[in-house]
Amino acid sequence: MIALYVLALLIPVAFVSGWWTARSAGAKRSGAQVSELSSDYFRGLNYLLNEEQDKAIEVFLRLAEYNRDTVETHLALGNLFRRRGEVDRAIRLHQHLVSRPGLSDAMKTVALLELGEDYMRAGLLDRAETLFSDLVAMDAHAPSALRHLIAIYQHERDWHKAIEHARRLEAMTGEDEAGMIAQFYCELAEQARQHGAHQDAREYLRQAFACQPDSVRAFMLTGRLYAEDGEHGQAIDAYEAAVEADIAFVPEILPPLLNSYARSQQMERAERFLRDILERYHGISPVLALTRLYQQRDGERTAIDFLTSQLRQRPSVRGLMALIDATMDKVEGEARENFLILRDLTRKLLEGQAMYRCSRCGFGAKAHHWQCPSCKSWSTIRPIHGVANE
Ligand SMILES: [Zn+2]
């Protein structure tokens, strides 16, 4: 696997160095040297195929030594070192490359970007930050340097700087980063909320809405602020607006929304709302919420009838578990033992299940994240719809 990857990486280098070798051979080197170089090259390739990377690197280093001017060979080698985790070697190589006199500005920028990535890989984020900031200031390859800087500020949770640089990126590329910037404002609002600064949190949310008027996260946070202030009527408005903004987030929104309905004694409104989303949303969460509502208001029989009729239309392990729980009290003896086994089995079935998945990289998660822990994209983690999930 690694050999194949490295091979793919070095094939372009093969052409470059092969071409260079041929050219320089004609111009100023003897034929003997050419054959020595190409035999070196194939020996290196052979080592790679046999996963003898150390020997391969030795050979390619020698090639790079012969062809001092082929910056591409050095860049490919540096990349190889970094991917292998030999970050120190990658850093030394790229630093050497950057300090080389006569290097064109374009190549120097490429080498600096590589060096910045080495620093990030080595965890030297402050050095990476300085380097990328210098590149942005020089206006060279700025979009790519800006993206790295934004990644660094996200990692450091420095949301103000992340916003500032995302705006610069927007201005420079003309691409729309409003969704990402709205998430950064939501992060700031969340931080303020955790410190009890609700007024600041509301101001950040206002900014988030200015970027993205239908930000589901901003609606949810608004609801949470109202609920924490005891204003459940307004919390309900915000949570219902969150569902309208993106119905996929129903499993996240329902628990706090139901709490606010209950606190403000608006269970009729709750029933109307749940009935309404039942028509438009095909997951199991609203069914389970309505079952509980009927259980409390109309008793066990109505709840079980409703749940069984729904389960015929949307088969669900979580629905089955709710049905077992609701029926448990009515059975005795051996039947009860069987029910206990069934409940245990369904619980085990749900245990290892990922409930959410990133639509971009496929990362599976048990809990919801606004930013994918794997590919770092925003708003790509969504509930999985299936018999054993939502
Ligand atoms: Zn992802």
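Trainee: By class, how many nonpolar, polar and charged residues does the lining of the largest pocket have?

Mentor: This is a predicted model, in which local features need pLDDT of at least 70 and side-chain atom pairs count only at pLDDT 80 or more, while totals for chains, interfaces and linings use all residues. Residues are numbered from 1 along each chain as its sequence is written, and side-chain values use heavy atoms, with hydrogens and water left out. Ala, Val, Leu, Ile, Met, Phe, Trp, Tyr, Cys and Pro count as nonpolar, Asp, Glu, Lys and Arg as charged, and the others, Gly among them, as polar. On that scheme the lining of the largest pocket has 16 nonpolar, 12 polar and 10 charged residues.

Trainee: What is the volume of the largest pocket, and which residues are the closest to its centre?

Mentor: On a 1 Å grid over the protein atoms alone, a pocket is an open set of points where a 1.4 Å probe fits, with protein on both sides within 12 Å along at least five of seven lines; lining residues have an atom within 4 Å of a point. Grid points are joined across faces, edges and corners, and the volume is the space filled by probe spheres set on the points. The largest pocket has a volume of about 940 Å³. Of its 38 lining residues, the closest to the centre are Gln-154, Gln-371, Lys-376, Ser-377 and Trp-378.

Trainee: Which element gives the most residues to the lining of the largest pocket?

Mentor: Helices (H or I, at least four residues) and strands (E, at least two) are DSSP runs, numbered from the N terminus. Two or more lining residues come from each of helix 8 (142-155), helix 9 (159-173), helix 10 (178-194) and helix 12 (216-228). With six residues, the element that gives the most is helix 8.

Trainee: Which residues are the closest to the centre of the second largest pocket?

Mentor: The second largest pocket has a volume of about 370 Å³. Helix 10, helix 12 and helix 14 (250-263) each supply at least two residues of its lining. Of the 14 residues that line this pocket, the closest to its centre are Glu-190, Arg-217, Leu-221, Arg-224 and Trp-370.

Trainee: With which side chain does the side chain of Ser-260 make a polar contact?

Mentor: Ser-260 lies in helix 14 and is buried (under 20% relative accessible area, against over 50% for exposed and in between for partly exposed; 1.4 Å probe, protein chains only), with a value of 0%. A polar contact is a pair of N or O atoms within 3.5 Å; within protein, one must be able to donate a hydrogen and the other to accept it, and residues adjacent in sequence count only if both atoms are side-chain atoms. At 3.0 Å, the partner of Ser-260 is the side chain of His-232.

Trainee: Is Cys-372 buried or exposed?

Mentor: Cys-372 is placed in the loop between strand 2 and strand 3 (381-383). Not counting residues up to four places away in sequence, Cys-372 touches (heavy atoms within 4.5 Å) Cys-358, Cys-361, Phe-363, Ser-377, Thr-380 and Ile-381. Because its relative accessible area is 0%, Cys-372 is buried.
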